[in-house]
Amino acid sequence: MLKLLLCLFSAVLIAVLMLHLRQQRLELNHQANLLHNQIEAQQARLWNQQLQIAVYTAPNAISKTVGDHALRLVPQSPARAKVINWMDTRVDHAAAEPPTD
């Protein structure tokens, strides 16, 4: 009789522990889903901000803004780079010396 009561008590205890673990798993899944939804919302907000930046920095939008504000801007062309052969040990003295006034 004692063994039967001990087995019955152990089975009830294991059942209660299993239910508790199941409840914890459900709560953790719920928290993970909430965090996932927050991440998706932040990602959507980031994508919207990137889209707005792309719209405002598009070349036609910039030229329209410059035209609307009557800004007299001149496009700058990059300085031409001199091609230097790495085997050439001669130094271009005109480019190496600073200009004197």
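Ala61 is partly exposed, because its relative accessible area of 22% falls between the limits for buried (under 20%) and exposed (over 50%), both taken with a 1.4 Å probe and protein chains only. The place of Ala61 is in helix H2, and, leaving aside neighbours within four places in sequence, Ala61 is in contact with Val55 and Tyr56, where contact means heavy atoms within 4.5 Å. Helix H2 itself, residues 59-68, is hardly covered, since the count of buried residues among its 10 residues is zero. Just after H2, Ala70 takes a positive phi of about 55°.

This is a predicted model, in which local features need pLDDT of at least 70 and side-chain atom pairs count only at pLDDT 80 or more, while totals for chains, interfaces and linings use all residues. Residues are numbered from 1 along each chain as its sequence is written, and side-chain values use heavy atoms, with hydrogens and water left out.

Read along the sequence, the chain follows the pattern α-α-α, with three helices and zero strands; helices (H or I, at least four residues) and strands (E, at least two) are DSSP runs, numbered from the N terminus. The mean pLDDT, which is the predictor's confidence in each residue from 0 to 100, is 83 for the chain, and 74% of the residues reach 70 or more. Among the elements, H1 has the highest mean pLDDT (96), whereas helix H3, residues 93-96, has the lowest (52). Where pLDDT is low, the predicted coordinates should not be read in detail.

How much of the chain is buried? Buried residues make up 1% of its 101 residues. The accessible surface comes to about 10500 Å², of which 65% belongs to carbon and sulfur atoms; such areas come from the Shrake-Rupley method with a 1.4 Å probe, and for residues only the protein chains shown count as cover.

Part of this surface is a nonpolar patch formed by Met1, Leu4, Leu5, Leu8, Val12 and Val16, with about 650 Å² of accessible area together. Val12 is found in helix H1, residues 2-56, and counts as partly exposed because its relative accessibility is 48%.

Terms used:
Patch = residues over 30% accessible without salt bridge, like charges linked within 9 Å, V, L, I, M, F, W, Y side chains within 5 Å. Salt bridge = Lys/Arg side-chain N within 4 Å of Asp/Glu carboxyl O.
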